Amino acid sequence: MSNVNVRRLVENIRSGTNVYTPLIELVVNAIQAIDAKGIPNGLVEIEVLRSGQTDAIDRVADIDGFVVKDNGIGFTKSNRDSFDTLYSEQKISDGGKGFGRFTCLKYFDRVKVSSTFSEGGAFHDRSFRMGLDKDIIIDEKEGPSHAQITGAIVEISGIRSVKFPDKKLETISRVIVERLLPYFVDKERTCPRAVIRDANNTSDTVSLNDYMGKENSQIVEMKLDEATFTLSANEDEKTFQVRIFKFFAPRTAKSKVCLVAHRREVTDNPLESYIPEFAEEFFEPYSDQDLAKGRNFVIKAYVFGDYLNDNVSLERGEFRFQTDTDLLNGISQNDIEEKAAEIVQSVVGAEIAKRKGRKELRISDYVTNDAPWHRILAKEVGFSALPMRPSNQEIELYLQKKKFEKEVVTRTQVTALLNSKDENELGEKISLVIENISDNSKNDLIHYISMRKCVLDLFSKSLEIGVDGKHKSEGEVHDIIMPRKKDSEELNYDAHNLWILDERLNFTSYVSSDKPLQSSGDRTDITIYNRRVAYRGGNETSNPVTIFELKKPQRDNFADPSSKEDPVQQIIRYVNQIREGKFKTPTGRDILVNETTPFYGYVVCDLTKKVKDWLRKEKDFTPMPDGLGWFRWFGNISLYMEVVSWTKLLRDAEMRNKIFFNKLGID
């Protein structure tokens, strides 16, 4: 009689188990029982118990449990006592933890055992159930048997809360084989025959052994030139062995690396985590037919070693060493998997190389066509960490990350050099640091120029007539140059495209855009084209103030005699008001000007005949040589004013930047 709080023990099972774990445990126990008997004709039979209610879609009932039968040694007294002992050491030589049977009660309500064993030259029967209170074995019965062969039948049923994920025999059998493949391919021990069938349909049987070793098998081992590797664990070398298999007809499966302890798969992780080119299936053509015909497969690498056997958890769902860096044990799970992935890559190197080549071409196309500012950086960094088919966003984010990392290194080097007292060190390293700074600056410059090209393309598009025969709204044109209703308190100094108007405005600290400068100004019903916009490089009397008036394309009613929106007079009036100190900056400071402070005024509009006549006859403006603009000097208020067309604005901006676009090949 045992004295164990079984229910509490089961509730505390957390580590890496799932609903397949109890079934795997029973199959392993059956194989071990046959090994203990030492017979050549061992047989493990798995019967699937179903709920009885057929699914309307799959036409297959859900799974309620399993029955596992074997013709092994049976539950002898020593086996029975081992079952009744928590953490039994009976199977310790084969990696037994004395705990696996408790996972059955985590996922199933009932565990029933019936067995025939031989003792004293006679056969005996023993049956019992697994308890959930203080006793592990309950309702035990034992007596003479009329059977003439030993073996055991273990039933787990009454699936709890969770739903068994699979229904079809082919799917379940494949999972079992993958989890227990080391048993089926063991070169030192012949695996007994194992079959699976529905309990109510014994004629439909699937053989687990037939997945390998036959023509067109679904699992085929791949030959390895070097199947071992070593890793250092606290100055002690640990050896690992790798066996690699093709799994045909993979469906949604991924290529994986599996860590094995005592001939059982414990963990599996996608190979693409280490080499992204394993993300997709592989293809093997039929040798004697059209090369376009063949079979898809994924790869699974199984890793063995004493280090794994010695560090597997009690429930066999994980290892006791860390997943990432492990300072205590010396070797982490990632260390082992990464080394195994390198071996797998060597086996299918030709295909992986092709996939890497396609990825590199994809990245090169993106950098050339969409992100030329990364050309220098792209030649320096590796892209092995990127997915097999990276998106533009993934490439860009990766390059931005690498750019930042390089900048951090450069800043660190500069700081170290500035703090260094070794004059020789300065001479040796300063040129290298300057070169790194130069490369980063080149990347930024290329990016900036490319963005200018995009801005000008958008600006040109905004000036076109739409399908409705009308020009775009005023807001689209204005927002490209400068976001509306923003001032220097609300927008970064470089978050504008004022260079379209005048390159000198790149370094301006603008005062206001589409907002009245006076705090009491009327802010309602404001439109782009009836509110002045003022900029200056810094609030000093010697710095010029630049004022713009933007008029909607093709609009010319401001030149009417009765118009109250005369842009020339508006700019003059605005200049006088600033000179008289009527306006302040957004921070409430006076706008500093004196009698010699220069002012520049620009009116941007379409130069219709009406506007040209107005400028010549009424405003005394002089035409520019290209005919796309007019100018005048107002000496009494130090104001130089131009009236330019939208066409000239775009053309001049394109001309100023054309040489840069041409050098980048984006013109």
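In this predicted model, R80 forms a salt bridge with D81 (a side-chain nitrogen of Lys or Arg within 4 Å of a carboxyl oxygen of Asp or Glu), and the closest N and O atoms of the pair are 3.2 Å apart. R80 counts as buried at 14% relative accessibility, where buried means under 20% relative accessible area, exposed over 50%, and partly exposed in between, as found with a 1.4 Å probe on protein chains only. D81 also meets K77 in a salt bridge between side chains, at 2.8 Å from N to O. K77 and D81 both belong to helix 3 (residues 77-83), where they are 4 residues apart, about one turn of the helix; helices (H or I, at least four residues) and strands (E, at least two) are DSSP runs, numbered from the N terminus. An α-helix has 3.6 residues a turn, so residues three or four places apart point the same way.

Salt bridges that share partners join K77, R80, D81, D84, R126, E140 and E142 into one network, and the structure holds 40 salt bridges.

In soluble globular proteins, nonpolar side chains tend to be buried together. When neighbours within four places in sequence are left aside, L181 is in contact (heavy atoms within 4.5 Å) with M212, I219, F245, F247 and Y302.

Helix 2 is mostly covered, as 13 of its 17 residues are buried. From its first C-alpha to its last, helix 2 reaches 25 Å, close to the expected 24 Å, a span defined as 1.5 Å times one less than the number of residues. The residue that follows helix 2 is G38, whose phi is positive, near 70 degrees.

S157 is placed in strand 6 (residues 151-159) and is buried, with a relative accessible area of 3%. Its side chain makes a polar contact with the side chain of E155 at 3.1 Å; such a contact is a pair of N or O atoms within 3.5 Å, of which, within protein, one must be able to donate a hydrogen and the other to accept it, and residues adjacent in sequence count only if both atoms are side-chain atoms. Not counting residues up to four places away in sequence, S157 touches L49, D64, G65, F108, D109 and R110.

Residues are numbered from 1 along each chain as its sequence is written, and side-chain values use heavy atoms, with hydrogens and water left out. Because the model is predicted, local features need pLDDT of at least 70 and side-chain atom pairs count only at pLDDT 80 or more, whereas totals for chains, interfaces and linings use all residues.
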